[in-house]
Amino acid sequence: MYYQPKNNLLDHKRILITGASEGIGRQAALTYAHHGASVLLLGRTEHKLNIVQNLIAEAGGRKARVLVFDLANTQLAPYQGLAQILADECLYLDGLLNNAGILGEIAPMAKQDATLWSEVIAVNINGTFMLTQALLPLLLNASSPSLIFSTSSVGRKGRATWGAYAVSKFATEGMMQIFAEEYTAATLRVNAINPGRTRTNMRAKAFPMEAPDQLKNPADIMAIYLYLMGDDSRHKTGVSFNAQSDVKQRGMT
Ligand code: NAP
(Lines give C-alpha, C1' and ligand atoms only; values in the text may rest on other atoms or scores of the structure.)
Protein backbone atom coordinates (compact mmCIF):
# COMPACT_ATOMS: atom_id res chain seq x y z
CA MET A 1 0.00 0.00 0.00
CA TYR A 2 1.11 3.56 -0.72
CA TYR A 3 0.42 6.12 1.96
CA GLN A 4 0.57 9.88 1.53
CA PRO A 5 0.33 11.56 4.95
CA LYS A 6 -1.11 15.05 5.27
CA ASN A 7 1.46 17.64 6.34
CA ASN A 8 -0.52 18.34 9.50
CA LEU A 9 -1.27 14.65 10.23
CA LEU A 10 -0.03 14.87 13.83
CA ASP A 11 -0.94 18.48 14.60
CA HIS A 12 -1.05 19.04 18.38
CA LYS A 13 -0.55 15.34 19.11
CA ARG A 14 1.69 14.57 22.06
CA ILE A 15 3.90 11.61 21.23
CA LEU A 16 6.62 9.89 23.24
CA ILE A 17 9.40 8.10 21.35
CA THR A 18 11.84 5.82 23.15
CA GLY A 19 15.36 5.57 21.78
CA ALA A 20 14.93 8.98 20.18
CA SER A 21 18.64 9.82 20.21
CA GLU A 22 19.76 7.55 17.38
CA GLY A 23 18.76 5.65 14.30
CA ILE A 24 15.10 4.95 13.62
CA GLY A 25 13.80 6.58 16.81
CA ARG A 26 15.66 9.80 16.05
CA GLN A 27 14.21 9.89 12.55
CA ALA A 28 10.71 9.09 13.83
CA ALA A 29 10.97 12.01 16.29
CA LEU A 30 12.06 14.41 13.53
CA THR A 31 9.33 13.11 11.20
CA TYR A 32 6.57 13.31 13.81
CA ALA A 33 7.63 16.85 14.74
CA HIS A 34 7.66 17.80 11.05
CA HIS A 35 4.03 16.64 10.85
CA GLY A 36 3.00 18.84 13.76
CA ALA A 37 3.50 16.70 16.86
CA SER A 38 4.87 17.79 20.22
CA VAL A 39 7.43 15.06 20.79
CA LEU A 40 8.85 13.69 24.01
CA LEU A 41 12.34 12.33 23.37
CA LEU A 42 13.28 9.50 25.70
CA GLY A 43 16.76 7.98 25.84
CA ARG A 44 19.79 7.40 28.01
CA THR A 45 22.14 10.00 26.60
CA GLU A 46 21.21 13.62 27.25
CA HIS A 47 23.57 15.33 24.81
CA LYS A 48 22.32 13.21 21.89
CA LEU A 49 18.70 13.95 22.78
CA ASN A 50 19.54 17.68 23.00
CA ILE A 51 20.84 17.54 19.43
CA VAL A 52 17.52 16.07 18.24
CA GLN A 53 15.64 18.71 20.25
CA ASN A 54 17.69 21.47 18.58
CA LEU A 55 17.16 20.01 15.11
CA ILE A 56 13.41 20.09 15.68
CA ALA A 57 13.56 23.70 16.88
CA GLU A 58 15.70 24.75 13.89
CA ALA A 59 13.18 23.12 11.53
CA GLY A 60 10.38 25.16 13.12
CA GLY A 61 8.77 22.26 14.98
CA ARG A 62 6.92 22.49 18.28
CA LYS A 63 9.19 22.50 21.32
CA ALA A 64 10.39 18.97 22.04
CA ARG A 65 10.83 17.67 25.57
CA VAL A 66 13.94 15.65 26.53
CA LEU A 67 13.45 12.76 28.96
CA VAL A 68 16.71 11.20 30.13
CA PHE A 69 15.67 7.74 31.23
CA ASP A 70 17.29 4.31 31.28
CA LEU A 71 14.98 1.44 30.29
CA ALA A 72 17.38 -0.95 32.01
CA ASN A 73 15.76 0.25 35.29
CA THR A 74 14.36 -2.83 37.00
CA GLN A 75 12.30 -1.02 39.66
CA LEU A 76 8.76 0.18 38.98
CA ALA A 77 9.17 3.47 40.89
CA PRO A 78 11.19 5.37 38.22
CA TYR A 79 8.59 4.48 35.58
CA GLN A 80 5.74 5.63 37.80
CA GLY A 81 7.71 8.77 38.66
CA LEU A 82 8.17 9.60 34.99
CA ALA A 83 4.48 9.01 34.28
CA GLN A 84 3.57 11.32 37.18
CA ILE A 85 5.84 14.09 35.87
CA LEU A 86 4.20 13.81 32.45
CA ALA A 87 0.71 13.70 33.96
CA ASP A 88 1.45 16.88 35.94
CA GLU A 89 2.28 18.61 32.64
CA CYS A 90 -0.61 17.26 30.58
CA LEU A 91 -3.26 14.65 31.26
CA TYR A 92 -3.04 12.78 27.97
CA LEU A 93 -0.56 11.19 25.58
CA ASP A 94 -1.65 10.54 21.98
CA GLY A 95 1.08 8.12 21.07
CA LEU A 96 3.88 5.94 22.40
CA LEU A 97 6.50 4.54 20.02
CA ASN A 98 8.40 1.82 21.87
CA ASN A 99 11.48 1.88 19.67
CA ALA A 100 14.49 1.66 22.01
CA GLY A 101 16.33 -1.62 22.00
CA ILE A 102 19.69 -3.27 22.31
CA LEU A 103 21.19 -6.10 20.31
CA GLY A 104 23.23 -7.97 22.89
CA GLU A 105 25.55 -10.37 21.15
CA ILE A 106 25.33 -12.47 18.03
CA ALA A 107 26.31 -15.91 19.31
CA PRO A 108 24.88 -19.43 19.45
CA MET A 109 22.68 -20.28 22.42
CA ALA A 110 25.46 -22.41 23.90
CA LYS A 111 27.65 -19.29 24.06
CA GLN A 112 25.12 -16.54 24.95
CA ASP A 113 26.50 -14.60 27.92
CA ALA A 114 23.89 -14.79 30.71
CA THR A 115 24.54 -11.24 31.95
CA LEU A 116 24.14 -9.76 28.47
CA TRP A 117 21.07 -11.94 27.96
CA SER A 118 19.46 -10.39 31.06
CA GLU A 119 20.34 -6.87 29.89
CA VAL A 120 18.66 -7.41 26.52
CA ILE A 121 15.50 -8.79 28.14
CA ALA A 122 15.57 -5.98 30.74
CA VAL A 123 15.62 -3.19 28.14
CA ASN A 124 13.73 -4.70 25.20
CA ILE A 125 10.98 -6.33 27.24
CA ASN A 126 10.83 -5.51 30.95
CA GLY A 127 11.60 -1.79 30.70
CA THR A 128 9.39 -1.41 27.65
CA PHE A 129 6.54 -3.16 29.48
CA MET A 130 6.91 -1.09 32.67
CA LEU A 131 7.02 2.18 30.72
CA THR A 132 3.97 1.20 28.69
CA GLN A 133 2.03 0.13 31.78
CA ALA A 134 2.90 3.38 33.59
CA LEU A 135 1.83 5.50 30.60
CA LEU A 136 -1.42 3.61 29.90
CA PRO A 137 -3.65 6.00 31.91
CA LEU A 138 -2.31 8.95 29.89
CA LEU A 139 -2.79 7.09 26.60
CA LEU A 140 -6.34 6.14 27.56
CA ASN A 141 -7.12 9.82 28.21
CA ALA A 142 -6.38 10.68 24.56
CA SER A 143 -9.13 10.68 21.92
CA SER A 144 -7.46 8.27 19.45
CA PRO A 145 -4.29 6.90 21.05
CA SER A 146 -1.73 4.72 19.27
CA LEU A 147 0.75 2.34 20.86
CA ILE A 148 3.51 0.98 18.60
CA PHE A 149 6.12 -1.69 19.33
CA SER A 150 9.33 -2.36 17.37
CA THR A 151 9.80 -5.90 16.21
CA SER A 152 12.08 -7.81 13.85
CA SER A 153 11.92 -10.71 11.42
CA VAL A 154 13.96 -12.75 13.95
CA GLY A 155 11.05 -12.29 16.36
CA ARG A 156 8.70 -14.13 14.02
CA LYS A 157 10.84 -17.11 13.02
CA GLY A 158 13.77 -18.25 15.12
CA ARG A 159 17.21 -17.76 13.59
CA ALA A 160 20.49 -19.24 14.79
CA THR A 161 22.84 -16.89 16.74
CA TRP A 162 20.24 -14.15 17.32
CA GLY A 163 19.80 -15.34 20.93
CA ALA A 164 18.36 -12.92 23.47
CA TYR A 165 17.53 -10.28 20.86
CA ALA A 166 15.34 -12.68 18.88
CA VAL A 167 13.69 -13.98 22.05
CA SER A 168 12.96 -10.39 23.11
CA LYS A 169 11.31 -9.70 19.75
CA PHE A 170 9.16 -12.86 20.00
CA ALA A 171 8.06 -11.50 23.37
CA THR A 172 7.44 -8.08 21.81
CA GLU A 173 5.12 -9.61 19.23
CA GLY A 174 3.27 -11.37 22.05
CA MET A 175 3.06 -8.23 24.17
CA MET A 176 1.63 -6.30 21.22
CA GLN A 177 -1.01 -8.99 20.60
CA ILE A 178 -2.05 -9.14 24.25
CA PHE A 179 -2.40 -5.36 24.57
CA ALA A 180 -4.35 -5.32 21.29
CA GLU A 181 -6.75 -7.99 22.59
CA GLU A 182 -7.31 -6.10 25.83
CA TYR A 183 -8.44 -2.84 24.19
CA THR A 184 -10.69 -2.04 21.27
CA ALA A 185 -9.12 -0.14 18.38
CA ALA A 186 -11.22 2.88 19.34
CA THR A 187 -9.89 2.87 22.90
CA LEU A 188 -6.22 2.14 22.18
CA ARG A 189 -4.86 0.73 18.94
CA VAL A 190 -1.75 -1.39 19.32
CA ASN A 191 0.50 -2.50 16.47
CA ALA A 192 4.11 -3.44 15.75
CA ILE A 193 6.59 -2.42 13.06
CA ASN A 194 9.44 -4.50 11.71
CA PRO A 195 11.72 -1.85 10.18
CA GLY A 196 13.63 -4.40 8.10
CA ARG A 197 17.32 -3.94 7.24
CA THR A 198 17.96 -0.27 8.07
CA ARG A 199 21.16 1.75 8.21
CA THR A 200 21.76 2.37 11.92
CA ASN A 201 24.37 1.68 14.59
CA MET A 202 22.52 -1.47 15.63
CA ARG A 203 22.54 -2.85 12.10
CA ALA A 204 26.27 -2.06 11.75
CA LYS A 205 26.96 -3.89 15.00
CA ALA A 206 25.02 -6.95 13.83
CA PHE A 207 26.56 -6.95 10.33
CA PRO A 208 29.97 -5.23 10.54
CA MET A 209 31.03 -6.46 7.09
CA GLU A 210 27.89 -5.22 5.30
CA ALA A 211 28.06 -2.25 2.88
CA PRO A 212 25.86 0.40 4.54
CA ASP A 213 24.95 2.02 1.23
CA GLN A 214 22.98 -1.13 0.34
CA LEU A 215 20.55 -0.40 3.17
CA LYS A 216 17.51 1.81 3.51
CA ASN A 217 18.00 4.90 5.63
CA PRO A 218 15.61 5.51 8.54
CA ALA A 219 14.07 8.38 6.54
CA ASP A 220 13.08 5.91 3.79
CA ILE A 221 10.82 3.84 6.07
CA MET A 222 8.80 6.52 7.85
CA ALA A 223 5.50 5.99 5.98
CA ILE A 224 4.34 3.20 8.29
CA TYR A 225 5.49 5.12 11.40
CA LEU A 226 3.31 8.04 10.28
CA TYR A 227 0.37 5.89 9.22
CA LEU A 228 0.18 4.05 12.54
CA MET A 229 0.69 7.16 14.66
CA GLY A 230 -1.89 9.27 12.82
CA ASP A 231 -5.67 8.93 12.84
CA ASP A 232 -5.73 7.32 9.35
CA SER A 233 -4.98 4.01 11.11
CA ARG A 234 -7.61 4.40 13.81
CA HIS A 235 -9.33 1.08 12.93
CA LYS A 236 -6.10 -0.96 12.79
CA THR A 237 -5.03 -2.95 15.79
CA GLY A 238 -3.13 -6.14 16.56
CA VAL A 239 -1.11 -6.10 13.32
CA SER A 240 2.63 -6.60 12.90
CA PHE A 241 3.72 -4.56 9.86
CA ASN A 242 6.82 -4.65 7.67
CA ALA A 243 8.07 -1.11 7.08
CA GLN A 244 9.77 -1.87 3.79
CA SER A 245 6.99 -3.80 2.07
CA ASP A 246 3.58 -3.19 3.65
CA VAL A 247 3.36 0.61 3.52
CA LYS A 248 5.39 2.95 1.33
CA GLN A 249 5.27 6.67 0.77
CA ARG A 250 5.16 7.97 -2.78
CA GLY A 251 8.37 9.69 -3.79
CA MET A 252 10.43 7.77 -1.26
CA THR A 253 12.84 4.97 -2.14
P1 NAP B 1 20.04 2.11 17.38
O2 NAP B 1 20.49 2.96 16.24
O3 NAP B 1 21.02 1.25 18.08
O4 NAP B 1 19.28 3.04 18.43
C5 NAP B 1 18.78 2.49 19.61
C6 NAP B 1 18.17 3.57 20.46
O7 NAP B 1 17.70 2.95 21.68
C8 NAP B 1 19.14 4.67 20.86
O9 NAP B 1 18.47 5.90 20.86
C10 NAP B 1 19.53 4.26 22.26
O11 NAP B 1 19.91 5.35 23.10
C12 NAP B 1 18.22 3.68 22.78
N13 NAP B 1 18.45 2.83 23.94
C14 NAP B 1 19.22 1.73 24.02
N15 NAP B 1 19.22 1.25 25.26
C16 NAP B 1 18.44 2.07 26.00
C17 NAP B 1 18.07 2.11 27.37
N18 NAP B 1 18.54 1.22 28.26
N19 NAP B 1 17.25 3.10 27.79
C20 NAP B 1 16.79 4.03 26.92
N21 NAP B 1 17.12 4.05 25.61
C22 NAP B 1 17.94 3.08 25.16
O23 NAP B 1 18.86 1.10 16.90
P24 NAP B 1 17.91 1.11 15.60
O25 NAP B 1 18.55 0.27 14.58
O26 NAP B 1 17.46 2.49 15.31
O27 NAP B 1 16.69 0.24 16.18
C28 NAP B 1 15.46 0.79 16.62
C29 NAP B 1 14.48 -0.36 16.83
O30 NAP B 1 14.27 -1.05 15.59
C31 NAP B 1 14.99 -1.40 17.81
O32 NAP B 1 13.91 -1.86 18.62
C33 NAP B 1 15.49 -2.52 16.92
O34 NAP B 1 15.45 -3.76 17.55
C35 NAP B 1 14.52 -2.44 15.75
N36 NAP B 1 15.03 -2.99 14.50
C37 NAP B 1 16.06 -2.39 13.82
C38 NAP B 1 16.51 -2.94 12.61
C39 NAP B 1 17.63 -2.32 11.81
O40 NAP B 1 18.00 -2.87 10.76
N41 NAP B 1 18.18 -1.18 12.23
C42 NAP B 1 15.89 -4.09 12.09
C43 NAP B 1 14.85 -4.68 12.82
C44 NAP B 1 14.43 -4.12 14.02
P45 NAP B 1 21.46 5.71 23.38
O46 NAP B 1 21.84 6.59 22.26
O47 NAP B 1 21.45 6.41 24.67
O48 NAP B 1 22.22 4.44 23.40
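Good morning. The largest pocket of this predicted model holds about 1,000 Å³ of space. Of the 43 residues that line this pocket, those closest to its centre are Asn-99, Gly-101, Ile-102, Thr-200 and Met-202. The elements that contribute two or more residues to the lining are H1, strand E2 (38–43), H4, H5 and helix H6 (201–206). The largest share, five residues, comes from H6. By class, the lining of the largest pocket divides into 16 nonpolar, 17 polar and 10 charged residues.

Some terms need explaining. On a 1 Å grid over the protein atoms alone, a pocket is an open set of points with protein on both sides within 12 Å along at least five of seven lines, a cavity is a set of points where a 1.4 Å probe fits but cannot get out, and lining residues have an atom within 4 Å of a point. Grid points are joined across faces, edges and corners, and a volume is the space filled by probe spheres set on the points. Ala, Val, Leu, Ile, Met, Phe, Trp, Tyr, Cys and Pro count as nonpolar, Asp, Glu, Lys and Arg as charged, and the others, Gly among them, as polar. Helices (H or I, at least four residues) and strands (E, at least two) are DSSP runs, numbered from the N terminus.

Residues are numbered from 1 along each chain as its sequence is written.

How confident is the prediction? The mean pLDDT (the predictor's confidence in each residue, from 0 to 100) of the protein chain is 97, and 98% of its residues reach 70 or more.

I turn now to the cavity. The structure holds one cavity of 30 Å³ or more, and the largest cavity has a volume of about 60 Å³. Its lining consists of Asn-98, Asn-99, Ala-100, Asn-124, Thr-128, Phe-149, Ser-150, Lys-169 and Thr-172. At least two of the lining residues come from each of helix H4 (114–140), strand E5 (146–150) and helix H5 (163–182). By class, this lining has two nonpolar, six polar and one charged residues.

Ser-150, one of the cavity-lining residues, belongs to strand E5. Is Ser-150 buried or exposed? Ser-150 counts as buried because its relative accessibility is 8%, where buried means under 20% relative accessible area, exposed over 50% and partly exposed in between (1.4 Å probe, protein chains only). The side chain of Ser-150 reaches the backbone oxygen of Asn-98 at 2.9 Å.

Gly-19 lies in the loop between strand E1 (14–18) and helix H1 (23–34). With a relative accessible area of 16%, Gly-19 is buried. Leaving aside neighbours within four places in sequence, Gly-19 is in contact (heavy atoms within 4.5 Å) with Gly-25, Arg-26, Leu-42, Asn-99 and Ala-100. The C-alpha atoms of Gly-19 and Asp-70, 51 residues apart along the chain, are separated by 9.8 Å.

Finally, Asn-194 is placed in strand E6 (residues 189–194) and, at 9% relative accessibility, counts as buried. Beyond residues up to four places away in sequence, Asn-194 touches several others, among them Thr-151, Arg-156 and Phe-241. Thank you.

Methods: This is a predicted model: local features need pLDDT of at least 70, side-chain atom pairs count only at pLDDT 80 or more; totals for chains, interfaces and linings use all residues. Side-chain values use heavy atoms; hydrogens and water are left out. A polar contact is a pair of N or O atoms within 3.5 Å; within protein, one must be able to donate a hydrogen and the other to accept it, and residues adjacent in sequence count only if both atoms are side-chain atoms.
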